[in-house]
Amino acid sequence: MSTPEPGFALLGSVGARPVLGLVAPERENALLLAIIEAVSNGPEVEPMAAAVARLITDATTTDVCFVHVLDDTERSLTLAGATPPFDRQVGLIQLPIGSGVTGWVASHHEPAVIVERKESDPRYVPIPALRGTEFTSMASVPMATEPGGLVGVLNVHTVARREFTNRDLRLLLVIGRLVAGAMHQARMHRQLAARERAHERFTEQVIAAQETERRRLAGDIHDGISQRLVSLSYHLDAVGHILRDDPTEAAAQLRVARELVDLTLDEARLAIGGLRPPVLDDLGLAGGLASLARTVPQLEVSLELADERLPEHVEIALYRIAQECLQNITKHAQASTAWVRFGTHEGTARLEVTDDGVGFAVGTGVGTGVGTGVGAAAEAGYGMQSMTERAELVGGELRVTSRPGSGTTIVATVPAG
């Protein structure tokens, strides 16, 4: 082969088709302009990758092009763009970093070329959906940006045997770098949009939780405090009518009225405690959990509590989760002992409640009326959902471990800051 002119000039041909190097300067410019136009049409990753794949195969006279983009987890690559007929596989093919030729390129940040006999290359892993056996040669290059690092991997394949030269790879690397910047911005846009959607869902959950608490509190006040005050008014009216004529009956009515006052005060304290348990202000979460354990005398509760303070909303969430756990244990678990453990480690708070009750089949007991334990029985479906939502609202998660005959353990882990 004769020495080519500078740039991406004629490098040879395969049959009647020009090889990758057959790109005149004006064609190079046209290709780069077309790619710039494709990547500037919008912030969506998949349409951009599809447009780039078509441009690359047209300009490089290869048979198929795959554009794999790094996932948000940065542990695997997803097929984001491909030329037909493989465009039907977009979003369905995932490759772990380090797996196959594409994964090798992603992990080493180096190009890879296989001229023939791909199956004999130790890096090659066949993907049936992409029909790799139908193609003889391939070139794979990383798509990377200076500020963002690896963005993805660009692959081209040919049916006929093809020698990919250094100039071929340089052209693909130039295209990869040009596309990588736009891909990086598209990924950032997608992540930002996902965070905004998560924030919207979080706000909706907070509002829904607030409305649920307001309805519950309004119901408690209406059914408890209000009704007792109405009854108290009747008794006081009766006392006023009979005070002179029947002092004995008046005294009896006053005793009833006094009992109603005491009951109403108790109801008011419970309603106030429903908004925020006063014990948390006085004793902190550890003291609050210890006090909570004393409210279930029918159950032996073993405590392992770290005396550490957390933000107010986190303490309330963990206190309510523990409260729901102990209530469910006494109602459903047929347990004799429970263990409540609380502590923090490396910025994470952990609450664990375990019972030695009859347990239940996780995923089948809730809401069925069959099975018992911390999270079981028909009414426990709401309790489990409530605990899960409380944990998620403070950025944490709830995990349930149980099986029939082996008790139940519920673990809530939430950020401590």
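Strands and helices are DSSP runs numbered from the N terminus, with at least two residues (E) for a strand and at least four (H or I) for a helix. Two strands count as paired if DSSP finds at least two bridges between them.

Before going on, a word on what you are looking at. This is a predicted model, in which local features need pLDDT of at least 70 and side-chain atom pairs count only at pLDDT 80 or more, while totals for chains, interfaces and linings use all residues. Residues are numbered from 1 along each chain as its sequence is written, and side-chain values use heavy atoms, with hydrogens and water left out.

The β7 and β8 strands belong to an open sheet of 6 strands, in the order β5-β4-β3-β8-β7-β6, with antiparallel pairing. Each of β5 and β6 has a single partner strand and stands at an edge, so one side of each is left without a neighbour in the sheet. Direction ignored, neighbouring strands are turned by 25 degrees against each other on average.

Helix α3 packs on this sheet, touching β3, β4, β5, β6, β7 and β8, and its direction makes about 35 degrees with that of β7. Axes here are lines fitted to C-alpha atoms, for helices over the stretch in contact, and angles run from 0 to 180 degrees between N-to-C directions. Contact means heavy atoms within 4.5 Å.

Just after α3, H109 takes a positive phi of about 55 degrees.

### Aromatic rings and a histidine

Rings of Phe, Tyr and Trp (its six-membered ring) pair if their centres lie within 6.5 Å; planes under 30 degrees apart count as stacked, over 60 as edge-to-face and the rest as tilted. The count comes to 2 aromatic pairs. F66 and F86 form one that is edge-to-face, at 5.4 Å centre to centre with 70 degrees between the planes. This pair links distant parts of the chain, with F66 in strand β3 and F86 in the loop between β4 and β5, 20 residues apart. Ring pairs link F66, F86 and F135 into a cluster.

H157, found in strand β8, has contacts beyond four places in sequence that include F66 and F135. The table sets out some accessibilities.

| Residue | Relative accessible area | Class |
|---|---|---|
| F66 | 3% | buried |
| F86 | 3% | buried |
| H157 | 8% | buried |
| L229 | 43% | partly exposed |

L229 is placed in helix α4 (residues 166–242). L229 and A257 are 28 residues apart in sequence and 9.5 Å apart in space, C-alpha to C-alpha.

### Strand β11 and the cores

Which strands does β11 meet? Strand β10 (residues 337–345) is joined to β11 by 8 antiparallel bridges, and 8 bridges also join β11 to strand β13 (residues 408–415), again antiparallel. V340 stands opposite V353 in β11, while A349 stands opposite V414 in β13. The hairpin of β10 and β11 has 2 residues between the strands, and E346 in the turn has a positive phi of about 50 degrees. Strand β11 (residues 348–355) has 6 of its 8 residues buried, so it is largely enclosed by the rest of the structure.

A nonpolar core is a set of buried Ala, Val, Leu, Ile, Met, Phe, Trp, Tyr and Cys residues joined through side-chain atoms within 4.5 Å. Of the 37 residues in the largest one, L318 and L351 touch the most other members. Elements giving two or more residues to this core are α6 (278–293), α7 (312–333), β10, β11, α8 (380–393) and β13. Helix α7 gives the most, with 11 residues. Apart from this core lies another, of 25 residues, among them V69, A139, V156 and I175.

Terms used: Buried < 20%, exposed > 50% of the residue type's maximum accessible area, 1.4 Å probe, protein only.
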